[in-house]
Amino acid sequence: MKKNYKKLMIIGSGPIIIGQAAEFDFSGTQACRSLKEEGYSTVLVNSNPATIQTDLETADRVYIEPLQASAVAKIIEKEGVDGVLSGMGGQTALNICSELADSGELKRLGVSLIGTQPEAIAMSEDRELFKETMKRIGEPVPLSRSVTSVREAVEAVKEIGKYPVLVRPAYTLGGTGGGIAHSEQELAEICARGLAYSRIHQVLIEESVLGWKEYEYEVMRDSKDNCIIICSMENLDAMGIHTGESIVCAPCLTLSDKDHQRLRTASLKVIKALNIEGGCNVQFAFNPENGDYRLIEVNPRVSRSSALASKATGYPIARVAAKVAVGYTLDEIPNEITGTTCAAFEPAIDYVVVKIPRWPFDKFRTVDRHLGTQMKSTGEIMAIGRTFEEALLKGLRSLEIGAKGLDSIHMTDAEITEELTDATDRRIFAIGEALRRDWKPERIADLTKWDVFFVNKLRNIVGMEKKIKEGPLTADLLKNAKYLGFSDEKIAEITCRSESDIRKSRLSMGIVPVYKMVDTCAAEFDAETPYFYSSYGRSSEVKKDHGKKKVLIIGGGPIRIGQGIEFDYCCVHGVMALQEEGVSAVIINNNPETVSTDYDISDRLYFDPITPEDVLNVIEAEDIDGVIVQYGGQTGVNLALDLEKALAGKKTAVLGTSPDKMDVAEDRRRFSKLMDDLGIRQPKSGTGYSFEEVKDIAESIGYPVLVRPSYVLGGRAMEIVYSTEELKTYVETAVKVSRNHPILVDKYLTEAIEIDVDAVSDGKDVYIGGIMEHIEYAGCHSGDATMVLPPFTLSKDIIDGVVRTSEKVALALEIKGLLNIQLAVKDNEIYMIEANPRASRTVPFISKATGIPLAKISTKIMLGKTLNDFGLSGYRAIDHYAVKASVFPFLKLPGVDSILTPEMKSTGEVMGIDKDFDVACYKALTAAGNRLPAEGGVYITVNNSDKERVLPVAKELAEMGFRIYATKGTSTYLRENGVETTTVFKIDDNMKPNAIGLMREGRINLIINTPSQKSGAVRDGHKMRRLAVELEIPFLTTVQGADAAVGAMRVARDQSFSVMSMNEFRML
Amino acid sequence: MAESYLVLEDGSVFEGEPFGYRTSAVGEVVFSTGMSGYQESLTDPSFRGQILVTTYPLIGNYGINDSFCQSGHIHARGLAVREYCKEPSPMYGGRTLDDFLRCNKVPGISGIDTRDLVIKIRTMGTLKGAITEDKDRIDSLVKELKRMPAPSESNLVAEVTCDRIQEYDFGKDTRVGLLDCGGKSGILRDLSQRFNVTVFPYDTPADVITESKIRGVLISNGPGDPSHPAILKTAAKTAADLSSRVPLFGICFGSQIVGIAMGGKTYKLKFGHRGTNQPVKYDGKVYITSQNHGFAVDGDSLDGNDLIVDQTNVNDGTVEGLRHKNLPIFTSQYHPEASPGPTDTSFLFDRFAKVVKEGHL
């Protein structure tokens, strides 16, 4: 039975980072709803505004505050919270909870942790304790020893007996700083890094189980010791590749029942030993040679794997875990999927689930693509099929990496061998290629350490390719190809026909997909879940129910750089708005982490790839009335024209802004012409089809220029170049320029202020949702920039101009729905940079900060309402500040320069909101993980033009008691102007003292470095930036940024901030 | 490509491809939701007379290994799957399911939409069906199926019980009897860890059993209808006669036998419980159990009886375990020996050992 609590707190996981993505919005949101339904008052804290859990509808009180023990304690005290749910916000929440428990704060505040107890956190995180606990219950773990120095590590290896060994830092996310050491030298390197990353400066040296199979079990336990397994999962990639980096299938496919039961029983023993009331994830290494296994890891909380398990089985783990945490037993909780049974059972599934990670290597071309024990992927997709091949091919198509299936890859035999042995993100394609070259599956299995079972599945795919190529494409062959998951597009490619042609013949042969239900019970019970996937078979479980109007929302697919959780937020709001209007909301998406793919969000959920074929199939199966493409980020926009073409003459319409007008915004020529017609200034630009042409354009516009290839979007391969020489390098190394692949050249506006505007229009009126001023100068991607709402330096005239420009553009593009505009202000002139006729990354941020839910209003407008119906028009300013700060993956991805450029690099964002500007900055910067120092040293090195402006900053820092270090030029200038400084050598001088040495000694706690305006200089500071990243020293590259940071540091020093719930801000 | 058909008595036909032994088969079509353990199920004598449909679409992935067998051969009359694995994982030796079916002369059919089939069975109840490669015979088969008695109307236990009394010495102090109605080898395995065992054919009279020095009797699982006249005269009578003389432990069919022996009634479930995920409530706790049964004890029929229903199915409230008010008799409708399935209730064997030792529950 449930226990008495007055108020329960749920801690979120903060911004999206590598290793911690949207899954915690999904679990936290489920938990809040689950507790609310039980009548508990809930308090939610998270710094990430792009989450459904921070909606006022989700929890009773919502705090968008930094996820730090101190802020959380303030909220607990203010709200009178008496129970904290520790296991819903990933490692971040667990760390805060154990910090609060260790410091005695919880006791002082009279709060209890519910779900995961501090002892369980310690037992799973502290390797020695973990080992002891497992020993006590008789479960084998790899031989290992915890060490706190490199010397101890070397001794530990002697005990273990042989290299390679694994190095695992304690208390880090996604394996940060870990690695595999094959020699003493490697051990020293990895170990030193790992010690630095560990919260408690401890790493574990562990026996290697490389090459063993890896399995995972999701377990649930209640206070009566009832234990169940929700899902078993098998990693295709053997031990040595982080499970977050592996292709995973569910359920386990190659384990006998006997061995499956051994691992299942062991998992139950573990959750009992840890005394967890809630969910837990257990990972095993399994030796295929002799059946030995080792317990590798336990996560005493919901995790990315549990989100996957929830979506894979339909069992709502977080929802149930929350109820269990407050005292319910599993048999007291109904199974909402069947409606007739309860949560105390083990899901049986009747399909294959495949998860594939989505890596950011398309954006970060300099990063080492090899996969290992450290996570590099930003997101993942899940695919469901009735055959393994079908699930895998759907999965590859869902990744949005341009793959139509198991595509060919150009590699030599030697390269293939290398790829199979030492995997990168391309390995799956390399296996396909090896099979096309008739390599023996056993040989491939041996090189990859895959079970040959899976290699043979890929061989079936390659075999089918061959059959299709040989032809003729009979109904039988086509049917078999569809059974194996071949897309029309792929079949078209193999047969050199068009996709629409294949689709036509397929439909004429009567080969259409059926939709099967995800029901937790393999059809044993009648279920009402609206959760489906496509397959090819005898009968479909989707029945067309006429009556209600139906609208399909295209989801955002996997989380990647440039397309984060913000789009899922918009999709979910779209669903809510449709439902509020009495319209049936249908979602198609393939991201298992998200709220949008929770089965109880939409009226119908389709877990499928987002390609024209799959979307059209759903439209036909459901008899959809309208499609919304605006919310799925670039995924949806890319589909718009294809869909409109395919739907011509049919009842289904693309809702909102017309695809043609969307194309105007996307197509540079059409857009430039429109701007000229409207009299809106744009930076000078041109398009070059050869190096010579590009060079001529650049020279006529004048350097610096912004260059990028025309065929990729989202700032990929975009660079600012300062000279012909640099342009040459860019053309030679970064992109190919040709007749088909021209290069776009724009004048780069130096030292211009950049502005983002999000607006909603109904075609007649325009509502400016918010104007955000970037703290960094134009040239830093808006996804990376620190932004302030409302503008903090712009004059009223400029703001009026921004409003007028935005209105003009919105009306000219006949926007029905959302529009994002990026502008630059230089010398009091407003320039148009770009317009995006879709939901932008900042829609949730603005909606939270102003209280106006832009995506909901936009949805209702698409259904025919007007802005007037909501009483919205023009622009209104708010009387508080909201600051958006970004978080970057530099620590996890060595090789990415931490300087901000036109190419987006951040993985996520946070919001700092307060009545006071400095406090809002403080909250945003700390929430984004910047350790703002309260004392110590500041290193300042700025270019000549910034010297004057940095002076007040330096003065203030000195006043605050910071010691100022500077290189000669800056130092002399500051001294002449009355700031006491310590002069240090430039790094290149190789003399001491210099910044690098001081940083290592811990004497520099903040760096202000504005590079001079040429890219050579930008590269020079690379070493220092890298070190700053590794030592987590805040690094500011603009004076404006420094200015904002200094205000924030004052707040940090005095801890003079208060927490305020979103319920308390006066909204518009 | 050769074609094969799964024909049901309601006239529906599922097209697929033949594998395993190329022959036709007739039986009751039942489904199991276990995601692994196909070999254990095929060789479980309780599947006698039945065509097994697996809800999991990929079957045979990890091959066949003798150690997984629950009896000497396959008892199911046929196997219907979405897909069988031709190239299994080599971890357990790599022998294929196809080969196993061939050697056992059992036909398989693959490529059918098993989920569609399962929904049909769930909706209509267990159906009789046939696997055939002869398209022309389909119409006459449907008629035959309609006329044909259900396999459970014959005495299936007689086909699967052992043919003579067998004594096993496992070096233990105590000896118990196993009344073999078609017991899985998993039961003998779990008994062997605690007792020396004498296995008796299902129709062994109580007097013969008590002649040997046994301290308790386990009545095993088995196929078919526990209220079949031939069973009432044999195993059920034996159980009734033994009840006041030695401790009894009934598993699955054995539980139903105990129910009948003590005056209760059994009935046929709409489509049975077959799988490894069935939740059972016992003493306020929930256990995940392995099940394979089409009949169940009618709880209401035990009113005024000395048997108490002390375990129930959490999903549908059916009887999952019985206990005698005074005598050392208890049962489980599910399989504590697992094989396939979870071993969470293996403590029932310990309980049997305790009861045997102490002579009371």
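Predicted model: local features only at pLDDT ≥ 70, side-chain atom pairs only at ≥ 80, totals over all residues.

Colleague: Why does chain B count as being as compact as a globular protein of its length?

Modeller: The C-alpha atoms of chain B fill a box of roughly 65 × 45 × 40 Å along the principal axes. For 361 residues the globule rule gives 21 Å, and the radius of gyration of chain B is close to this, so the chain is as compact as a globular protein of that length. The computed radius of gyration is 20 Å.

Colleague: What percentage of the residues of chain B count as buried?

Modeller: A residue is buried if 20 or more other C-beta atoms lie within 10 Å of its own. As for contacts in chain B between residues at least 6 apart in sequence, 75% join residues at least 24 apart. Of the 361 residues of chain B, the buried share is 61%.

Colleague: How far apart do the C-alpha centres of domain 1 and domain 2 of chain B lie?

Modeller: Chain B is divided into domain 1, residues 4–151, and domain 2, residues 157–358. Between them, 23 residues of domain 1 of chain B are in contact with 24 residues of domain 2 of chain B. The C-alpha centres of these two domains of chain B are separated by 27 Å.

Colleague: Which element gives the largest share of the side of domain 1 of chain B that touches domain 2 of chain B?

Modeller: The elements that give two or more residues to that side are β3 (25–32), α1 (38–42) and α3 (114–124) of chain B. By class, that side of domain 1 of chain B has six nonpolar, 13 polar and four charged residues. The largest share, three residues, comes from β3(B).

Colleague: Turning to chain A, which residue stands opposite V84(A) in β5(A)?

Modeller: Five strands of chain A form an open parallel sheet in the order β3-β2-β1-β4-β5, and its edge strands are β3 (61–63) and β5 (112–114) of chain A. Strand β4 (83–85) of chain A runs parallel to β5(A) and is joined to it by three bridges. The residue opposite V84(A) is L113(A).

Colleague: In the sheet of chain A with the order β24-β27-β25-β26, which residue is the bridge partner of V707(A)?

Modeller: This open sheet has four strands with antiparallel pairing, and its edge strands are β24 (685–688) and β26 (719–721) of chain A. Strand β25 (705–709) of chain A pairs with β26(A) over three bridges. In β26(A), the partner of V707(A) is E719(A).

Colleague: At about what angle to β27(A) does helix α25 of chain A run?

Modeller: Helix α25 (691–701) of chain A lies across β24, β25 and β27 (743–747) of chain A. Helix α26 (724–733) of chain A also packs on the sheet, touching β25 and β26 of chain A, and its direction makes about 145 degrees with that of β26(A). For α25(A) against β27(A), the angle is about 10 degrees.

Colleague: Is G783(A) buried or exposed?

Modeller: G783(A) lies in the loop between β29 (766–777) and β30 (787–789) of chain A. Among the residues that G783(A) touches are G562(A), R841(A) and M904(A); the C-alpha atoms of G783(A) and M904(A), 121 residues apart along the chain, are separated by 6.0 Å. Because 25 other C-beta atoms lie within 10 Å, G783(A) is buried.

Terms used
Residues numbered from 1 in each chain as written. Chains lettered and ligands numbered in written order. Pairing = 2+ DSSP bridges. Contact = placed C-beta atoms within 7 Å. Axes fitted to C-alpha atoms, helices over the stretch in contact; angles between N-to-C directions. Rg over C-alpha atoms; globule rule 2.2 N^0.38 Å. Buried ≥ 20, exposed ≤ 12 C-beta atoms within 10 Å, placed from the backbone. Domains from an automatic or database assignment. Nonpolar A, V, L, I, M, F, W, Y, C, P; charged D, E, K, R; others polar. Lists of a residue's contacts leave out its neighbours within four places in sequence.
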